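Visitor: I am new to this structure. Could you show me how to read its helices?
Guide: Gladly; let us look together.

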Amino acid sequence: MKWMQTLDSFLRWWGEEEKVALPKPAVLPDGFLAPLSREALLSDSRIQSKLVTLKRSGIGLPYELWESYVVDTVVNLASYVQALPASQYHHHAYPQGLLLHSLDTAIYALRIRRNYTLPPNVEPEDRIFREIIWVYGVFLTALLHDVGKLFDFEIQLLGDNDEPLAWDYTTPIKQPYRYRYLDERQYETHQALAVSLLSRVVSTEPMKALTHDRTLWATMAACLTGQPHDDNVVADIVIQADAASVAQDLGAEGEAISEAAEQAASGHTRSLSGQLRTTLKYLLGSGKLPLNRKGAEGFVFGEYVYLVCKPIADTLRIQLMERGIQNVPSNNSKLFNELQQSGLVVSGEDGQAILRCEVHLSDSDWTQTLTCLKLAWSSLLPDANLASLTGEVTELPPVSEEAQDADVPTIEQANRLPPTPDESPSPMALPVSLTSSPTGSLPEMDDELMQLAMSMGSAPVSTEDQGADEQEETPDPVTPSPDVSILLRTLSLTDSSDEQLTDAFLEWVDAVICGGVHRVNTQGALFHRVGRYLAVSSPNVFRTFLKERTTGGDCEQRYPGIQRTLGQKVDLKPQPTGQTIHRISVKGGDKPLNMMLWPLTDKLRARLSVNPALEWSDDE
C-alpha cells in the first residue's frame, strides 16, 4: 500500500545512521590531498552522525525536503571546505575541523532557537506559515557563519604535469589539493565573506523559499555580511551556538557549554574586557597557571592573587591571539590599563594597576621583590578554593623618583631571575646577563643555577664587560658565540635569519632538556618522549624559545619561519597526509596535544623515559 511505503520511507529517513569508515585520502606528491567525492562525503561516518543529530534537533522540514534542503547543502559545503581546519591553534584545529564546527554550530542553533519566537513581531496567524522557513534560515546562517575562513588559506590544486594551480574559490575542490595559512589574514572579515558562497552551496529551490520571505532574507544577509543589527534574532542565536561549539571542542561539558552560550548572548565575550575576564577565569580555574612556587606566574595570598606582570601579560596575549582576538594591545602598559578599567585588578594606593610586592615562601626560604597585578580571585571563581601560599605577600610603597634614578637593579630585572631547575613550574630562561649591584659585585646566584651555567660551558658575565645600557629593561643582544651556552646569550630578531634562529632553537632544545631548565613528561610540558621520538609542543615551543632568547622584534611574526626551516634540518615524522603536526591523546583527557615528532639523539634517549600518560604508537 502507498501509505505503508510512505511510512517506511519516513522511518528510514528518521533513523538512518549507518556509519561507514572514512576513507583515508591518498598520499600525493608534495603533500597534496585527495579531495573527497560526493559519495565519499555521504559515507563519512562523522557527517552521517551530524546529519542524524540535525534531524532530531527540530529543524521542522517535511521529510521529502530533507535531501534537497539539508543533505545537499551540507555536502555542497563539504566539497568546498574538504579537510580544512577551523583555526590554526584554537578550536577545531584539525582536519575537517571547519566542517564539523559548522555542523555543530547548526545543531546548537536549532536547539537554542526554541527559546525564541520566529519570526519575531508578527501576528500568530502569519507565524504559522513562516516559522518553518525561518528555522531553516537559522540552520543555514549557523552552517555558513564561518565559511569565510576559506579565505584564510592559500589553496593550490594539482594540475596537469603536476603543476600547482591557485584555487579561485568559485568551484568545489575536485582535484588533489594542498593548503597553508596565509601569514596576513583578516579575522574580522570571516562573516563578511560568508554571503559570497551562499548561492554556491544552497540549491535553487531552497533559495527561492528563502528569498520569498524578504524579512528573513534581509536578516540572513545582515548576518552573513558581518553587519547584523542589535535586534537581529538570527545573529543572537548563531553567536550563542558558535560559542557553545567552541566550548565543546575545547573540552567543556554540560553546564559549561550552556554558560559559554549565555555569556555570548549577554555580549560578555564580544568585548576585550570580557575576553580578558574569560581568559583569567580559565587560567586560574584550569590549574594551568603556575602558582605559589618559586618562579611561579602568580601567588595566592588570602582573597587575592598576585600575578607577576611580564609573564601574565605574555600568557594573556598568546591565549587571546590564538582565539582570534585581534584588538589585544601589544604594549603591556595598555594591556594593564584595560584590565584596570575593566575592574579586573585592584589598584594600589597611588591608583596604579602595577604594585611592588615582596613575596616570601617559607617552605623554601625564598624572598623576591616583583611587580604584580592584584586580583580578587573570588570575584572570578566564586565557587573555587585556591590554596594560599605558605608565606606572605607584602605590598611595598611605590618607588620614588630618586630611587628610580639610583644605580640599583630594576624590578623588571628581578622578575627575570629564574627558579632552580628542579622546581621550575613553567618555561623560564636563565638570565642573559647579570646586572651589577650598587657595590659593583655580582648579584647572588643559587648554587644549582651556578652549577648549571658552568655545566653549559659558560661562566657568569663579568661586570667589567657590561655596558651602561645593562640597566635597561631589555638586555642588549649578545653576539652568538660557540663558546657561550645558548642559555646565556641573546639573538637579535632584526639581525638573525630564519636559518640562524633555527640553529639556535635546536641548540636551545638540547640545552633546556639536558640542563633541566624545562619540565619533561609532565602536564603542560613542552617536551615529552613517545616511542622512539621526541614530542615537542607546537607552536608553544617556538614562542617560548623566542621570548627567552631573542629581542628586538615581533616573536609572533618570526616563529613560522623557524617552523618552516626546521623541516630542512630535522627528520620530522610526517602523517599520511604529509602534515608534521600530530594529535597525541592524553590518557583520561579529552583534549589531545599538538606535537611535532623527531628522532631522539643518543644523549636524549639516555636521559628521557617514555611518557606513559600519552597514547601513541610508531605505527600511526
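Guide: Begin where helix α22 starts: a side-chain oxygen of Asp-554 comes to within 2.9 Å of the backbone nitrogen of Glu-556. Such a polar contact is a pair of N or O atoms within 3.5 Å; within protein, one must be able to donate a hydrogen and the other to accept it, and residues adjacent in sequence count only if both atoms are side-chain atoms. Helices are DSSP runs (H or I, at least four residues) and strands are too (E, at least two), numbered from the N terminus. This is a predicted model, where local features need pLDDT of at least 70, side-chain atom pairs count only at pLDDT 80 or more, and totals for chains, interfaces and linings use all residues. Residues are numbered from 1 along each chain as its sequence is written, and side-chain values use heavy atoms, leaving out hydrogens and water.

Visitor: Which residues of α22 are buried?
Guide: Buried means under 20% relative accessible area, exposed over 50%, partly exposed in between (1.4 Å probe, protein chains only). In α22, the buried residues include Tyr-559, Ile-562 and Leu-566. Their cover, counted by contact (heavy atoms within 4.5 Å), includes α20 (498-514) and β14 (593-599).

Visitor: How many residues of α11 are buried?
Guide: Twelve of 17, so α11 is mostly covered. Among the elements covering them are α5 (97-112) and α12 (255-265).
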